[in-house]
Amino acid sequence: QDERAIYAHCKEGGTARRHLLVGSKRDDFGNITTANRPSTSLAVGDAFFLPTPNLKPINALITGIGQIVFGTYQGDFYKLTGTTAQDHALAIFYASESSNADEGAVFVGNDIMFSRFGAIDSMSGVERFGDIETDDLSQWIRPLIEDIESFTLIYNHRLKKLYCFPKSGEKIYVLHKSFLDDALTDRFIRKTDEPLLSPWSIWDTDHAFAFNATAAMRMKDPNDGFEYVYMGGPDGTLYRLDSPSQGTDPASNNIECTRLSGVIRLPPARAYGIQGWVLHREVFAATLTLKLECGGEQLFDKDSITVTLDAASNAPVFGGSAYFGGEFYFNSSFNGGRLRRKKFGPPGIAEQIQVRATVDGAADFLIEEIGLQLKAAAESH
């Protein structure tokens with residue numbers, strides 16, 4: 001940054017200097033020192049060092065939102081001020097307990113996001129508003145992560161996904177930033193009163209690896225030139241997330257996708273004569289399983305309803321009888337371009353309804369909408 005290399009969490013001759021921020025000489029990244037604190041006696045391009053004000057180890061170092069920001073182990077966030085070795089200093093940026101994990105903070109294009117005990121926070125409003133409730137990005141999933149000690153955060157700028165690896169492993173909590181940006185635009189720019197839908201998805205796996213990553217980072221695949229997030233397993237195996245290839249997990253397990261809707265409440269009435277539909281784009285054949293979880297005076301589940309998601313009649317593939325060019329061509333009007341409506345009609349009566357939708361398979365699917373149409377009867381007293 002600014003023609004210097006910035007080092008943190010260092011060792012000097014085998015001695016840990018984890019609380020030092022070390023800046024190299026300009027244009028000479030290997031020229032560093034722990035003898036020169038910034039002062040007017042130094043040349044503007046000299047190497048320098050600064051200890052953290054709370055003397056705690058540095059565990060996050062980020063360039064973003066026009067600043068160099070670093071976090072300290074279970075301590076505050078600071079920013080590097082000044083422009084030369086004569087006037088560099090450290091100033092408080094966010095007075096809050098930071099993560100106790102290395103790489104617990106990350107720059108996501110227009111914001112810095114960081115983990116702390118049981119939460120994922122945003123710094124976008126820190127300097128203007130301080131620590132406010134709307135900065136808690138994990139508010140939608142708080143009950144699920146409130147006991148998690150720390151997260152490692154990795155952001156894929158290409159896919160706009162924030163991957164949160166909990167210390168305990170077993171799952172990956174994924175924030176879809178484009179979804180969050182759209183929701184915040186609706187709330188604060190278009191001034192809509194619609195509740196913000198959750199931008200989170202939770203990834204689990206049947207693979208023996210169980211997402212117990214010993215390391216994770218964003219790297220470029222030399223074959224296609226795209227960036228992906230890679231994980232290292234305890235046995236030294238390297239895994240890649242969001243692989244573009246069609247298929248299954250490494251253990252040939254299908255991928256189960258599940259979404260539970262919000263509660264549809266009808267007090268003091270009861271719903272009956274329920275009719276429903278699924279609006280999907282034809283890509284590959286898949287089976288959607290729907291379960292109506294009913295509540296009110298009685299709690300019960302409707303028998304699972306299966307809806308077949310049809311495949312495109314002429315979805316092109318590379319290989320086999322179809323090829324690029326000639327009689328078959330890539331991109332047809334039926335290949336994911338049109339919406340097909342499939343109806344279903346579960347029997348029963350309920351006061352409150354939630355819809356649990358599940359697809360278990362290895363093929364892509366695109367569901368645009370799941371709708372319910374019902375009649376309501378008022379209760380007599």
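Q: Leaving aside its neighbours within four places in sequence, which residues is alanine 285 in contact with?
A: In this predicted model, alanine 285 lies in the loop between strand S20 (269-281) and strand S21 (286-295). Leaving aside neighbours within four places in sequence, the residues in contact with alanine 285 are Leu309, Asp310, Ala311 and Ala363.

Q: Is alanine 285 buried or exposed?
A: The relative accessible area of alanine 285 is 54%. A residue counts as exposed when this value is over 50%. Alanine 285 is therefore exposed.

Q: Where is the place of aspartate 136, and is this residue buried or exposed?
A: Aspartate 136 is found in the loop between helix H1 (126-129) and helix H2 (142-145). Its relative accessible area is 6%, and the limit for a buried residue is under 20%. Aspartate 136 is therefore buried.

Q: With which side chain does the side chain of aspartate 136 make a polar contact?
A: Not counting residues up to four places away in sequence, aspartate 136 touches Ala119, Ile120, Asp121 and Arg142. The polar contact of its side chain, at 2.7 Å, is with the side chain of serine 138.

Q: How many residues of strand S11 are buried?
A: Strand S11 covers residues 151-156. The strand is largely enclosed by the rest of the structure, because the buried residues number 5 of the 6.

Q: Which side chain meets that of lysine 167 in a salt bridge?
A: Lysine 167 lies in the loop between S12 and strand S13 (172-176), and is exposed at a relative accessible area of 58%. Its partner is partly exposed at 33% and lies 18 residues away, in the loop between H2 and S11. The salt bridge, 3.2 Å from N to O, is made with glutamate 149.

Q: How many disulfides does the count come to?
A: A disulfide is a covalent bond between the sulfur atoms of two cysteines. Cysteine 164 is buried, with a relative accessible area of 0%, whereas cysteine 257 is partly exposed at 34%. For a pair to count, the sulfur atoms must be within 2.5 Å. The number of disulfides comes to 0.

Q: Which residue in S9 stands opposite valine 106?
A: S8 and strand S9 (residues 112-116) run antiparallel and are joined by 3 bridges. Valine 106 has opposite it, in S9, methionine 113.

Q: What is the average twist from one strand to the next in the open sheet S1-S2-S3?
A: The sheet has 3 strands with antiparallel pairing. At its edges stand strand S1 (6-12) and strand S3 (48-51), each with a single partner strand. From one strand to the next, the twist averages 45°.

Q: Which residue in S2 is the bridge partner of glutamate 12?
A: S1 and strand S2 (residues 15-23) run antiparallel and are joined by 6 bridges. In S2, the bridge partner of glutamate 12 is threonine 15.

Q: With which residue does glutamate 12 form a salt bridge?
A: Glutamate 12 is partly exposed at 34% relative accessibility. The closest N and O atoms of the salt bridge are 3.0 Å apart, and the partner is partly exposed at 28%. That partner is arginine 17.

Q: How many salt bridges does the structure hold?
A: One of them joins glutamate 227 to arginine 218, with the closest N and O atoms 3.0 Å apart. Glutamate 227 is partly exposed at 27%, and arginine 218 is partly exposed at 32%. The number of salt bridges in the structure is 10.

Definitions and conventions: Residues numbered from 1 in each chain as written. Predicted model: local features only at pLDDT ≥ 70, side-chain atom pairs only at ≥ 80, totals over all residues. Heavy atoms only, no water. Helix = DSSP H or I, 4+ residues; strand = E, 2+ residues; numbered from the N terminus. Buried < 20%, exposed > 50% of the residue type's maximum accessible area, 1.4 Å probe, protein only. Polar contact = N/O pair within 3.5 Å; in protein donor to acceptor, adjacent residues only side chain to side chain. Contact = heavy atoms within 4.5 Å. Pairing = 2+ DSSP bridges. Axes fitted to C-alpha atoms, helices over the stretch in contact; angles between N-to-C directions. Salt bridge = Lys/Arg side-chain N within 4 Å of Asp/Glu carboxyl O.
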